[in-house]
Amino acid sequence: MYLVALTGGIASGKSTVAKRLAEHGAVRIDADQLAREVVEPGTDALQNIANTFGEQLVLPDGSLDRASLGAAVFGHPEQLVKLNAIVHPAVQQLTRERIAEAEAADPDAIIVYDVPLLVEGKLPHPFEKVIVVSAPDELRIDRLITHRGMSRSDAERRIASQVSEAERLAIADIVIDSTGTLADTLTGADALWLTLRAQAEAKAKATPAEPTALPTN
């Protein structure tokens, strides 16, 4: 398999790029979706959240009150650290399982791990490449106001709760600039797919057909 990480701040255009790569044939593993799965009713993570932040965050149907939890942690770094300590390990375990499933289904798969909190999470997975979708903070604030109906203060608070753009760019092997039009971003994603496919093919050719056995003692 060829495993890459795709990251970017809120409203950066990361999801647009991820969806485009999936349309080309990549296996997309969405960390946000996994984060929702690990706090479904009856999960250990949900119970830990209730124990830490209050039972009122569990709704009568057993699901998580996401809006109330978001209000409790965003803009409050110490609370966000507590939440991440609960959710991140559970997401990482589920990620390992999904990667293994994708590789078992297709050993030559190009797997795109779509993860907004790559820097914050310090994930242990051995990525071939780290791809960052990048846009200036002010543009992302405008997008949050225009497309998600946020107030400016809420948009600024959401962006401030994540690492800086400079920190994301510092770990990038490949950068997709999303400051232009949607068509420009999609064109960048198309070019990225060609690059990833070529790199995956080169890796496959360079990999021995039979793996070398590791010593047992």
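Visitor: Are tyrosine 113 and phenylalanine 127 buried or exposed?

Guide: Both tyrosine 113 and phenylalanine 127 are buried (under 20% relative accessible area with a 1.4 Å probe; over 50% is exposed, in between is partly exposed). Keep in mind that this is a predicted model, where local features need pLDDT of at least 70, side-chain atom pairs need 80 or more, and totals for chains, interfaces and linings use all residues. Residues are numbered from 1 along each chain, and side-chain values use heavy atoms, leaving out hydrogens and water.

Back to your two rings. Searching the whole structure turns up 1 aromatic pair (ring centres within 6.5 Å). In that pair, the centres of tyrosine 113 and phenylalanine 127 are 6.2 Å apart and their planes sit at 15°, so the rings are stacked (planes under 30 degrees apart; over 60 is edge-to-face, the rest tilted). The partners are 14 residues apart and link distant parts of the chain. Tyrosine 113 belongs to strand E3, residues 110-114, while phenylalanine 127 lies in the loop between helix H6 (118-121) and strand E4 (129-134).

With 1% relative accessibility, arginine 140 counts as buried. Leaving aside residues up to four places away in sequence, arginine 140 touches Gly9, Ile10, Ala11, Ser12, Ala135, Ile159, Gln162, Glu165 and Arg168 (contact: heavy atoms within 4.5 Å).

Ile159 also takes us to helix H8, where it is one of the residues that meet H7. H7 (residues 137-148) packs against H8 (residues 152-160) at about 130°, their axes 9 Å apart (lines fitted to C-alpha atoms, with angles from 0 to 180 degrees). On the H7 side, the contact uses Asp137, Glu138, Arg140, Ile141, Asp142, Leu144 and Ile145; H8 brings Arg152, Ala155, Glu156 and Ile159.

One more helix pair to find on screen: H1 (residues 14-24) and H10 (residues 182-206) have axes that come within 9 Å and cross at roughly 45°. H1 and H10 are therefore oblique to each other. Among the residues in their contact are Arg20 and Leu21 of H1, along with Asp190 and Trp193 of H10.

Technical notes. Helix = DSSP H or I, 4+ residues; strand = E, 2+ residues; numbered from the N terminus. Parallel < 35°, antiparallel > 145°, perpendicular 65-115°, else oblique. Phe/Tyr/Trp six-rings, centres within 6.5 Å; stacked < 30°, edge-to-face > 60°.
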